[in-house]
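The following paragraphs lead through one part of a structure, from a single side chain to its ring partners and then to the packing of helices. Please keep the sequence and the coordinates in view while reading.

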Amino acid sequence: LEENRMESITLETMWKTIEANQAPLIEYLKCKAALLKLEKLSWVDLEAPLGSVSKQISYDEAAHFIIEQFEHFSPKMAAFAKTALEDGWIEAEDRRGKSPGGFCTALPLKKESRIFMTYSNTMTNLFTLAHELGHAFHNLVIFPLPEMAQH
């Protein structure tokens with residue numbers, strides 16, 4: 001508690017919330033174990049794929065889908081993602097010699113972020129793009145804070 005500058009009531013509230021909302025996660029894990037034909041999942045099974053997805057999804061389709069999903073969660077986040085996508089903050093070209101994956105970097109003086117990734121029309125790429133946009137949105141939220149508080 002001391003290391004995290006947290007009061008015990010905060011930790012207790014977090015645990016109570018987790019306990020009150022764990023049923024859907026437990027059900028999901030049971031279903032995943034059944035699909036993997038396992039009696040019980042081990043930690044290595046948590047991220048195990050449930051099959052292959054061959055559906056191709058274009059960058060534009062992915063961008064539209066992400067904005068649409070963010071809108072359900074936070075209109076502010078959706079508007080931010082739209083700006084990042086439309087204003088060219090994302091370099092996503094799939095070209096020879098470019099590594100897969102992605103990362104987001106903050107530009108504190110401009111109060112913007114940039115995303116560098118390889119988009120090759122897969123659902124995994126869509127998830128990576130959404131993930132990196134989440135980092136960029138986080139940067140937007142912390143930019144107004146004093147520099148030391150941003151870390």
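In this predicted model, Y119 has a relative accessibility of 6% and therefore counts as buried, since the cut-off for that class is under 20%. Y59, at 24% relative accessibility, counts as partly exposed.

A search of the whole structure for aromatic pairs finds four. Y59 and Y119 form an edge-to-face pair, with 5.4 Å from centre to centre and 85 degrees between the planes. The pair ties together parts that are 60 residues apart in sequence, because Y59 lies in helix α3 whereas Y119 lies in the loop between β3 (112-117) and α5. Elsewhere among the aromatic residues, F80, W89 and F137 are linked into a cluster by ring pairs.

Two packed helices are described by the angle between their axes and the distance between the axes. For α3 (residues 59-73) and α5 (residues 123-142), the axes come within 10 Å and cross at roughly 50 degrees. The arrangement of α3 relative to α5 is therefore oblique, a class that leaves out angles under 35 degrees and those from 65 to 115 degrees. In handedness, the crossing of α3 and α5 is right-handed.

Which residues of α3 and α5 meet? On the α3 side they are Y59, A62, F65, I66 and F70, and on the α5 side L126, L129, A130 and L133. By class, this contact of α3 with α5 comprises nine nonpolar residues, with no polar and no charged ones.

Key:
Residues numbered from 1 in each chain as written. Predicted model: local features only at pLDDT ≥ 70, side-chain atom pairs only at ≥ 80, totals over all residues. Heavy atoms only, no water. Axes fitted to C-alpha atoms, helices over the stretch in contact; angles between N-to-C directions. Helix = DSSP H or I, 4+ residues; strand = E, 2+ residues; numbered from the N terminus. Parallel < 35°, antiparallel > 145°, perpendicular 65-115°, else oblique. Left-handed = near helix turned anticlockwise from the far one by under 90°. Contact = heavy atoms within 4.5 Å. Nonpolar A, V, L, I, M, F, W, Y, C, P; charged D, E, K, R; others polar. Phe/Tyr/Trp six-rings, centres within 6.5 Å; stacked < 30°, edge-to-face > 60°. Buried < 20%, exposed > 50% of the residue type's maximum accessible area, 1.4 Å probe, protein only.
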